[in-house]
Amino acid sequence: MSTTTQQPTQTTQQAPSESEFSIRPGGLLIYLLIGMFFGIILVKSEVLSWFRIQEMFRFESFHMYGIIGSAIAVAAASIQIIKRFDVKTFGGEPISINPKVWGEGYRYWIGGILFGLGWALLGACPGPMFALIGAGYPIILVALFSALLGTWAYSYLRPKLPH
Amino acid sequence: MIEMLSQTWPWYVAGPLIGLLVPLLLLIGGKQFGISANLRHMCAATIPGQIEFLQYDWKKSGIWNLTFVAGVIIGGFLAATLLPHPEAVIGISEGAMAELRTLGITDFTGLLPAEIFNWSSLATLPGFLMIVGGGFLVGFGARYAGGCTSGHAISGLADMQFPSLVAVIGFFIGGLFVTYVLLPLLL
């Protein structure tokens, strides 16, 4: 008869609060590095190029569709694994992904179309705007400032807009 | 090695690497990949005024993401200086070039058409609409839609969120309208 009926003792010790993690300077370094990695990918895959965006909207190359499509596939598979196996963060916290709230749906149609107009006019969405500034296109600072104005204008008008 | 990395990275390398950012950010700190939220954080940090949408603890919810985009700027700089593309023209498809030539674009060097994206063209209608107007709509639309390409097209679709699908369809409606209707009028 086994004598090891004793349950492993639960560790009731409180782990150091992980919610503080994101605002500790040391904890921020990893986000800087991942951002740098993303910036390099944006430049070297040319996702940030006005020419590539035009090529995409003209259906003249698979390049952009391949990038967005394979990014979605890898992200989707990862999210499924995280959800199915209830994977925790490295700090041991549960992972929750906030679902988008549908509401009346207006925001997704109207906001989406307005964003698409801007995306094709400027040839850059927000991530590429930052990468372009770093890559030596200071004119995009004007676009970034304008995007901040746009964000501010939306924030101001928000109570009056259908969502 | 450097020579290989300086070439255009193929989609099947770049796409999966971008996709991996989603689980990486979730695993490191439970963060959701989305760039345009930073525009809101920047507004909240500078001129929140009395606007309810900008009254929140931007440091607590956004400092990680602002650090992330600081990294994107640095990464853009590093890639452009250490891994410059070997040719002046990045090499989009012939079909796309032919169509853009009919719009009057002749300079295909660099990442943006120099004819439009320069300081003096800001004073012209096409330059103003594309740089200032485009930027404004990107900022307004992304926040109205609750996300941009990263938040909706990648994070949202990967999580099979129906609202994100609608937003992405909207992105393309707007983009195709600009490409086939507005740009031929402007350029």
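Me: What share of the contacts in chain B with a separation of 6 or more comes from residues 24 or more positions apart?

Reply: This is a predicted model. In chain B, 45% of those contacts join residues 24 or more positions apart. A contact here needs heavy atoms within 4.5 Å.

Me: Why is A:Trp102 called partly exposed?

Reply: The relative accessibility of A:Trp102 is 31%. Buried means under 20%, and exposed means over 50%. A:Trp102 therefore counts as partly exposed. The residue sits in the loop between helix 3 (63-84) and helix 4 of chain A.

Me: What makes up the nonpolar patch on the surface?

Reply: Its members are A:Trp102, A:Tyr106, A:Trp109, A:Ile110, B:Phe162, B:Leu165, B:Ile169 and B:Ile173. Together they have about 720 Å² of accessible area. Two elements give two or more residues each: helix 4 (106-122) of chain A and helix 8 (162-186) of chain B. A patch residue must have over 30% relative accessible area. A:Trp102, at 31%, is one of the members.

Me: Which element gives the most to the nonpolar patch?

Reply: Helix 8 of chain B, with four residues.

Me: How many helices and strands does chain B have?

Reply: Eight helices and zero strands. Along the sequence the pattern reads α-α-α-α-α-α-α-α.

Me: What percentage of chain B is buried?

Reply: Of its 187 residues, 53% are buried, and that label requires under 20% relative accessible area. Chain B exposes about 7800 Å², with 71% of it supplied by carbon and sulfur atoms.

Conventions. Residues numbered from 1 in each chain as written. Chains lettered and ligands numbered in written order. Predicted model: local features only at pLDDT ≥ 70, side-chain atom pairs only at ≥ 80, totals over all residues. Heavy atoms only, no water. Patch = residues over 30% accessible without salt bridge, like charges linked within 9 Å, V, L, I, M, F, W, Y side chains within 5 Å. Areas by Shrake-Rupley, 256 points an atom, 1.4 Å probe, with all protein chains shown as cover. Salt bridge = Lys/Arg side-chain N within 4 Å of Asp/Glu carboxyl O. Buried < 20%, exposed > 50% of the residue type's maximum accessible area, 1.4 Å probe, protein only.
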